[in-house]
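I opened my notebook to record two places that I looked up, one after the other. The entries follow in the order in which I made them.

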Amino acid sequence: MTFTLDSTMRDLHGAAPKVTILVDRCAGCQECVVRCPTAALSMDTGNWVAKADQSLCVGCRQCVRTCPFSAIEVEGAMMVGPRAETSYRHPTNLLGDAGEIREGILTLEAAVAEASRCLECPDPTCVRGCPVHNDIPGFLHALREEDLDQAQQVLRRTSVLPDICSRVCDQAVQCEGSCSWSLAGGQPVAIGALERFIADNSEIPPAERVSEAAEGLEVAVVGSGPAGIGAAWELVQAGAKVTVYEKQDQPGGLLRWGIPDFTLPSEVAMRPWDQLMEAGVELRCGEEVHPDRLSELLEHNDAVVLAQGAGVPMRPPVPGTDLDGVMDATQFLTRSYAALERHQGMDELRVAAGSKVRPPKVLVLGGGNTAMDVARSARRLGASAMCVDWMDRRFAPVRPDELTEAEAEGVVVKFSTTLAALEGEQGRVAYAKLSHTRQESAKEKPEVIEGSIETEPVDLVVMAMGYRNDPEFSPVLPGTPIRKEVKPLPDRQWTASGLLANPAPDFARHMPVGKLALGRDGALSKAALPFGDRCWAAGDALVGPSTVVEAMAQGRRAGHAIIARHPQRPARTAEPQPPSSTRRVLIAYESRSGNTKAVAGRLQEALNPISAEVTCLPLNRVGAAELAEADLLVLGTWVEGFVVARVGPAKATKAWLAQLPRMAGVEVALFCTYGVDPKGTLAAMRKPLEAKGARVVAEAAFGRRDVEITLAELLGRLVRQPGTGGVKVARRS
Amino acid sequence: MPTRTKMQIGKGDGDFRPTAVPPMDPIAKAVHLRAPVTDGMKEHFAPTDVSPGLEVTRFKPIANLVRSRKFQFFLILPNQIIFWLVIFLGLAGTVVPGLNFGTAITWYVWFALVFVMMVVVGRAWCSMCPFGGFAEWIQRASFWKRTQKALGLGIKLPESLAQYGLLFSVGMFLLLTWIEEFFNIAGPGVPHETSYMVIGIVSSALLFFLVFERRTFCRYFCPLTAVIGTVGTMGSVAGFRTKDRDVCVECKTKDCMRGGENGYGCPWYTWPGSADSNLTCGLCSECYKACPSDNVGLFLQRPLTSLVAPRRRRPDVAWAVAGLLGLVLFQQINATSAYTTLDGALNKVMSFPQYPNPIDYLGIIGAITAALGGIGWLMSRAFARRDLVFTGGGRTFIDKTSKFRAYFVPMMYGLVPVTGADYFARQLPKALKHASRLVPSVAAWFGDGSTKSYLYNYRILSNPHIVLTQLVVVGLGLVGSVWATWRISGRELAPISAKPLAARFAVEAMALATGGAILFLYVIMHAAS
C-alpha cells in the first residue's frame, strides 16, 4: 500500500506556521513552554506570559493541545518532510504464496531519514499511545545515530516482541495515531516500520536470567500466546521456574494459528519460544488446562497465570449454520496454515469445490481483520472469497491497510450486508441469503433493510465474526472480561500531555486515540492484581479479544506482580516469611482538615526505616496501579457524621471502597481520626475490603488526645519480624 | 504531595541490561519535560505577593466552608430568589416604582451595595451573582456537584475578540446605561421595565454560557465586569492565590486550570500561580477545591494593592477606566442646564423623541475618553526619554507597546479610585433617600404597603447632607488616586522620563484636576435633588 502524500505535500508548500498567544488569557503557567519540542516557546518575563519564536515553530500544535486555557492558536503548515513509503511485495501468482507481503523500510538511510521526522517531544504522546509504552523518541534517537543495538535495547526495556508487534500492531490507533504530527492532522512518523527495521536488523537478546528476584518461585502459565510469553519471559529472567501449558501441539497461540504467514512469518512468530525454551521455560504442549484443574496447579505452584485467551467463536443467529461446509475462522486458519506450509491444497476446499469447474466460492462472515486473514488465505489456496459485514464501510473495525491489501488480492468485501440465512443441498451449504443494512453513525447499530435479500451461491462458509471469553473460566476469573473504560475525569497527567484533547479524527477510524490509549492503560494496571491469593490473568483471558501487544504487556505486568509479591504455596509456608523490611507500604488517606493527613505522615515516617518503600498518597490518587505495587495498604479516613448520628467513614472513602478492584493477597491496616466517637467507622471500611479478598491485619482509631499511644500500638502490630509468621489480627476495642 | 521515600529497583538511563523488574511506569522514563522558566519570577511577583499571615483559609472553619462544594451555591441562592422575585413582581406587582419590591431593591439598595462590595472586597458580587450563577448551573447541569459534562457548545472566544479584554464590557455598560436613561428604568421608572432589563441580562448570560466555554460572559461581556474589575482592584481581598509559587510551577497537572477531582478549572481564566491582582478572580473558590497540593489560599491584602502593585499593566483596563470615567462624567454633566439645551436642540434636529440623544451621549463620553488619551499622548511627548525604545510587545491590542501606552496606561490606573468613588457617590442619593422603602415594598406583597407610610417617606439624610457625603466620598477617592498615582508614577513613569519628578507632578496634576472637575460638578448639579 502506498500512503497518500497529498496533505504532507500541501504542508510543504503551505505557509509557515503562525503562532498567536492570547495574551489576555495566557496565565504564564508554562504548560506549553515545558512541552514545546523545538523550544519555540519561552516566557516574556516582563508580563509573565508565554511568547513564541515563530522561526522555530514547526506547527505540531502540541502547545494548542496542552494549554489549559486554550490561549494558543497555531495556523499554517507543518514543517515536516513527507513520510517514508514502506515497501510491499506484490506476488505475481498468489496461489500457494505464503511469503510476507509487507516489507517495511529497506535501507538504513531511509530509516534514519524517517526517524528524523520525530520531534522528540518532551511529553511524547506516542509513548502513551503505545500499549506497552515503548520509549519511542528514545529508540528513534538511537536509530538516528545509526546505533541499532542501542535502539534495540531501548525497545527491550518495555517489549519482548518488537519484531512481532511491529508487524501486527495497528499503529494507526496506537503510537502513530498518538504522534504529534498525527494529532495535528499530518502524517505521523512511521513508528511501526522503524521498530521493525530495528528488530529485524539487530540481534534480539536472549531471555537470560538477569536477577534473582524470583529465585525459588515456581509458576504455571496457562497458554503460550503473547500474554503467556510476556509472563514467562518476565519470570524466567528473574530466576523463576516456569511451566507453560499449551493445548495445541505447538506453542505460540494466536501468533501461530491466528495470524497467517503473509502477515507474520512463522519463523518470526516462533522466535520468542525458541528463546524461552533456551532460557529453561518448560513447555507442555497438548495439555489443556480446564478451570477445574486450577486448584491442582495452585497446589504444585506458587502462582498461576491464566493466559488461555478468548477463543470461543461467535456465531450468527441465522438458520443453516449447522450445515456441512460451515466452519469457524480458527478451524479454517489452522488448516489453511498447514496446507500452505506443506504447499498442498486444503481438503475442505477440495470437498467444497466438488465436481465444479470453477474455483470454490468461500463466503466469510465478518469484515474485521480475522475475516481478511481468512479470505486472503482462501485466495492463496485457489478459492474466490467474499467477506460480508453489516457495518458501514466508514465505521468498519478493519485496518484500512489490511482492507486495501485484501481487495488488491481479489477479495470481494461487501459492507452494509448481512447474512439472513444459509441454505443447503443434501445437507451441504449451497446458497447464502444476504440482506442489506443501513448505518448512519459509528455508534448506532446497523439496521436491516427489509426485502433487500439477494441470493449468492457458496461452497464454503467461514464464520469470522469475532470471539468471546470461555464462560467456563468465569467462576475463577470473576469480573472478566474487564472493560477498558475511561473515567469521566481521566488521569491528570494524561490530560496534561494533550493526548486526550484529540477528538475522534478519521485517521484513527473516528476513534479518539487518547481515550483508547487510556482505556488500555487502565486494563494494563489491573493485570497486576491477582484473582484469589495466587492466581493472575493476562491477555484476552483478562480483557476479552484484544491485541498481541496488549496481551504481552499484561503478561509482563502480571509476571512483575508475581515477582514483587512473591507468593508461596501452602506447602511452603513453614518456611520463614520475609521480614517486613522487604515490604512495600502504601499509605492512602482521605483527609479534610489535615488531621488524617498528619497521622498518615507520622506513619510514613515510622514505617520508612523498616520497609522497602513507603508511599503516601491522598485517596483520590490511589488506583489499581498504585495498589498493585503495595504489599501493605494502610488506609486512613476522617470520620463523617454529626457527633453521634450517621457516623461513618467519609463519603469519599466510602465511594472509593465501593469501586475497589480485586484486593486478593493484600494486607490492609485501617485507621480513622475522630472527634467524638468513631462508632462503626472501622467496621464499615473492613467489610468491603474483606469482600474483595483483602486481609485486614490491624485497625486503629485516633482520637484527639491519644495520637501518640494509638500510633505506637498500631505500629506494634504492623512491624513484622523475620520468622514470626505474619502479624496477628488485632482490633482496637 | 505524594512522596516516595525510596527509589524503585531499576537501573539508570544509560545503562542497558533488561531489568527483571521493569520500571512500573515506563511513561515517566520517556517524559523529559523542559525545565520551567523561573528567572525573574520572584522579582515579577514580589510586589503583589500575599503575606501568609493574611490567609483567611488558615482558619479551619473558613477552610472547610470554602472547600465545600455547596459554598458558592448558597452564596448565589438568596440573590437568585431575590432576582426572580424582581422579575415576577416587576411584571405582576404594583406599578408604583417606589413601592414595587423589584424596583425598590434593585435601584435603592442593590446598586449601592454592589459598589460597596467592589471597593471593600473586589469581585464579591461575581461570586454570588444570580445571572452568571444561574447560567453556570445550566452550563454545568449541576447546582454544586462537580460534573464532568458541560452543556452547550463550549467555544472559546477567538483571539480577534479576546484581545480587547474588558472593552466589550464597557460597550455593554454604555449600551445598558443608555437604555436605562432612555426609559428611565433606574429612576426608578415603571417596574416592568426593570423586569425586562433583568430578563435581558439573564437570557444573554445564558446564551453566552451555552455558546462559549467557562465564564466567557463574565470575563468579557457582562456589562458590569469592567466596572467591578477595575474598581474592585481597590479591594482588600487579594483573591485565591498560590501559597508557594514553586509548587505551582512544578505542578504536573494544573488541576486549578483544567479542573480536578473536586473543583472545576478556573472559570475566569486565572491561574493562582500567576495572579498578581484580584482583577480576574471571581472568588468562586474552584481552584481552592481543585488543587491537589493544598497550595491555594484565600488571602487579604492592603487596600489598593491590586491597583498599585502589579507589574503587568493592561491597556484594556486603562481604556476601560477612561470610558467609565467618561460615562460617569456624562451622568453628572447631564444634570446641567447647558446639557439640557444641547440635548433638546439635537433631538429637534434629528427628530429624536427624548433624552438622551445617542449622539451627544456617545459624543460626550467619547470626547472625555479621547481627552484623557490626548493627555496621555502629551505626557509621553513631553516627558519620555529620548533613548526610550520598546523592543518587546506583540501585534494585538493587548500586548502592543508604545511610548503613548507607557504613559497613558499607568496614568489611568491611578484614576481608578476617584472614578470608583464617583460611581459610588452617584448611587448615594437613591440609597440614602429611599432605602427604607424596601420595608413598605415588602409589605406591599401582602397589600399592606402604602406611599403614605412612614418608612416610604423617611429620609436617611437630607439633601444638603447627601451632597456633603458625596463630596466626602469623592474626596476620599481623590486622596486614593493621588496616592496611587504617586506610587505608580514613581515606579513606572520616573524610570522612562527625562525629568522624572516633573512627569510625576504632571500626572498628579491630571489626577487632581479630574477629581476637582468631579467635585465641581457635584456642587453645581445639585445632585441630591
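I first listed what D389(A) touches beyond its neighbours within four places in sequence, and found contacts (heavy atoms within 4.5 Å) with G366(A), G367(A), G368(A), K414(A), F415(A), S416(A) and T417(A). I noted that this is a predicted model, in which local features need pLDDT of at least 70 and side-chain atom pairs count only at pLDDT 80 or more, while totals for chains, interfaces and linings use all residues. Residues are numbered from 1 along each chain as its sequence is written, chains are lettered from A and ligands numbered from 1 in the order in which they are written, and side-chain values use heavy atoms, with hydrogens and water left out.

I then placed D389(A) in the loop between β14 (384–388) and α17 (400–408) of chain A. Is D389(A) buried or exposed? I wrote down buried, because its relative accessibility is 9%, and buried means under 20% relative accessible area with a 1.4 Å probe and protein chains only. A polar atom of its side chain lies 2.7 Å from the backbone nitrogen of G367(A).

Next I turned to chain B, where the axes of α21 (residues 416–434) and α25 (residues 500–524) come within 10 Å and cross at roughly 10°. V418(B), D422(B), A425(B) and R426(B) of α21(B) meet G515(B), I518(B) and Y522(B) of α25(B).

Terms used:
Helix = DSSP H or I, 4+ residues; strand = E, 2+ residues; numbered from the N terminus. Buried < 20%, exposed > 50% of the residue type's maximum accessible area, 1.4 Å probe, protein only. Polar contact = N/O pair within 3.5 Å; in protein donor to acceptor, adjacent residues only side chain to side chain. Axes fitted to C-alpha atoms, helices over the stretch in contact; angles between N-to-C directions.
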